[in-house]
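Please read the following report alongside the sequence and the model, which are shown here.

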Amino acid sequence: LVVAADVDPLLTSIKVKRVSGESRLIRPDGKGLRELKEGMELKVWDRIVSGEKSEVELLLSSEQTLTLGSMGCLQVFGGEGLDVYARLYRGKLRVDNSRDSAFKVETLNAIVNVPSGKTDLIISAMNTLVAPREGKGVPVRTQRAYRKVPVGVYGLAMADGSLLFSGGKGP
């Protein structure tokens with residue numbers, strides 16, 4: 001029997017699958033930095049900060065995988081009745097989505113809905129690089145644009161909200 005008081009309403013469906021190098025978990029409960037360890041369950045508002053030459057692999061209960069590269073910062077969001085999503089502040093994030101439903105990643109200047117397949121997101125200065133590696137094209141919304149970045153093409157969401165394409169045929 002599970003009593004409502006026994007369930008943490010802030011727990012998400014994300015667990016730490018693998019940690020290489022030094023990475024930290026920052027919880028908004030005022031307890032400061034904690035060493036990130038395999039098996040930890042993340043909560044809404046948690047931030048992960050990966051160190052130099054570090055990598056953190058996260059597994060969602062929906063079998064989607066998020067891999068945060070070195071010197072990255074990622075925050076987990078969600079809520080009652082809402083799907084979990086993430087906000088990438090810096091670094092590189094690979095989303096490996098084996099589901100048909102998209103996984104949402106917010107950056108400072110874009111909202112990226114990663115459908116099935118693998119997509120890399122990289123924050124560089126105030127820009128967001130979207131690089132679909134396999135699967136389907138990735139819809140990107142900025143302040144000034146809403147376009148799909150096809151597989152094999154790089155989409156660059158600029159700080160001013162424009163969306164540029166390179167590395168192949170644009171949409």
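## Confidence of the model

This is a predicted model, and its protein chain has an average pLDDT of 87, with 87% of the residues scoring at least 70. Within the protein chain, confidence is highest in strand S14 (residues 138-141), where the mean is 97, and lowest in strand S3 (residues 33-35), where the mean is 83.

## The largest pocket

The largest pocket holds about 220 Å³ of space. Its lining is made up of 14 residues, of which Gln64, Asp83, Val84, Arg99 and Phe103 are the closest to the centre of the pocket. Two elements, strand S9 (82-97) and strand S10 (103-106), each give two or more residues to this lining, and the largest share, four residues, comes from S9.

By residue class, the lining of the largest pocket divides into six nonpolar, five polar and three charged residues.

## Asn97 in strand S9

Strand S9 also contains Asn97, which counts as buried because its relative accessibility is 2%, under the 20% cut-off. The side chain of Asn97 reaches two backbone oxygens, that of Ser101 at 2.9 Å and that of Val114 at 3.0 Å.

When residues up to four places away in sequence are not counted, Asn97 touches Gln64, Ala102, Phe103, Val114, Pro115, Ser116 and Gly117. Among these contacts of Asn97 are Gln64 and Phe103, both of which are also listed with the residues closest to the centre of the largest pocket.

Note on methods. Residues numbered from 1 in each chain as written. Predicted model: local features only at pLDDT ≥ 70, side-chain atom pairs only at ≥ 80, totals over all residues. Heavy atoms only, no water. pLDDT = per-residue confidence, 0-100. 1 Å grid on protein atoms, 1.4 Å probe; cavity = no way out; pocket = protein on both sides within 12 Å on 5 of 7 lines; lining within 4 Å. Points joined across faces, edges and corners; volume = space filled by probe spheres on them. Nonpolar A, V, L, I, M, F, W, Y, C, P; charged D, E, K, R; others polar. Buried < 20%, exposed > 50% of the residue type's maximum accessible area, 1.4 Å probe, protein only. Polar contact = N/O pair within 3.5 Å; in protein donor to acceptor, adjacent residues only side chain to side chain. Contact = heavy atoms within 4.5 Å.
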